[in-house]
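Please open the model in your viewer and keep the sequence panel beside it. The tour below moves from one selection to the next and says what is found at each stop.

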Amino acid sequence: MPNRHTPAFGLLLILISSAGFGCIPLLAHLAYQDGVNATSLLALRFLVAIILLLPWVYRKRAQWPDRRQALVYMLMGGVLYTLQAQSYFTALQHASSGLVALLLYVYPILVVLFSAMLRWEPLSWQRGLLLIPAFGGTLLMLSGPVQGSTLGVALGLASALCYAVYILCGSRLRGDALLSGWLILCGAAISNTLLATLQGWQWPSHASGWLGILGLAVFGTVLAITLFLAGMARAGAGPSAIVSTFEPVVTIALGYLLLGERLQPMQWLGGALVLLAVVLLARQTMSAKALAND
């Protein structure tokens, strides 16, 4: 076991966090089978998560953001994170979990493109080249027979788009990661609770449905988020981004073993190209920061 304060231990935490995030589709599937809709599932997920995270937030004793910044975090959760989560969880009802997870990983490529369009970060020729396998891989994932509907694919891509905008907005803010993350989840809990109330709550009727919701809140939210924040603080953003590509691998493996889902060979190739582009982008970011600090 590596020292708890080393980058190696941080990467181990990121790996465990990615496995937690990768379990989300399977846990959501348990709730869906029990008659819970996406909005009720998300509302319960975020409500339980903010309650479970509260002791960590209290013990953190960090400086709270001012009212304006706190409102921005709440809006990020209430609007952007909610749109991303609603798109992703609804997509899981219309397409295979593996395909949806791979489509979500288009978001780092969108972040690079939007950052260049907004002139926040220049688009170097190396990054430009990486966009070729990234978009080529996306096209391959959508080629041939897809286990799911066009709506599921569209929602998967919409989830990636919303998450890219969410990341871009978050990159312009500063503050304690745990406190800001908790405020974002509070915003998401409020908006999804309102949506569930308007649409009508659909509660689980069996223990399996409640088990899926509890697992989603504990493993797919609280532990996944806290371990990711702790790991990134030790290992840095670039290496964390690389290791986090383990998430769709877990999702695909669980979908294959437990849900009987299958991806076509060209979709496997497309997903591998997208993940490779993400890894190389993260490595480039690490190298650029290292040169800037020299």
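**Starting at Phe-89**

Select Phe-89 and display its surroundings: leaving aside residues up to four places away in sequence, Phe-89 touches Ile-24, Ala-28, Tyr-32, Ala-38, Leu-41, Leu-42, Arg-45 and Leu-216, where contact means heavy atoms within 4.5 Å. This is a predicted model, in which local features need pLDDT of at least 70 and side-chain atom pairs count only at pLDDT 80 or more, whereas totals for chains, interfaces and linings use all residues. Residues are numbered from 1 along each chain as its sequence is written, and side-chain values use heavy atoms, with hydrogens and water left out.

**Out into the core**

Now extend the selection to Leu-41, Phe-46 and Tyr-88, which together with Phe-89 touch the most other members of the largest nonpolar core, a set of 53 residues. Such a core consists of buried Ala, Val, Leu, Ile, Met, Phe, Trp, Tyr and Cys residues joined through side-chain atoms within 4.5 Å; buried means under 20% relative accessible area, exposed over 50%, and partly exposed in between, with a 1.4 Å probe and protein chains only. Colouring by helix shows that the contributors of at least two residues each include α3 (38-60), α4 (67-91) and α10 (207-235), helices being DSSP runs of H or I with at least four residues and strands runs of E with at least two, numbered from the N terminus. A second, separate core has ten residues, among them Leu-102, Leu-103, Met-141 and Leu-263.

**Along α10**

Next, pick Val-218 in helix α10, which counts as partly exposed because its relative accessibility is 23%. Draw a distance from Val-218 to Leu-53: their C-alpha atoms lie 9.5 Å apart, although 165 residues separate them in sequence. Beyond residues up to four places away in sequence, Val-218 touches Leu-52, Leu-223 and Ala-224.

**Zooming out**

Finally, show the whole protein chain, which has 13 helices and zero strands. The radius of gyration, taken over C-alpha atoms, is 19 Å, close to the 19 Å that the globule rule gives for 294 residues, so the chain is as compact as a globular protein of that length; the rule is 2.2 Å times the number of residues to the power 0.38. Along the principal axes, the C-alpha atoms fill a box of roughly 60 × 50 × 40 Å. Buried residues make up 46% of the 294 residues, and among contacts between residues at least 6 apart in sequence, 88% join residues at least 24 apart.
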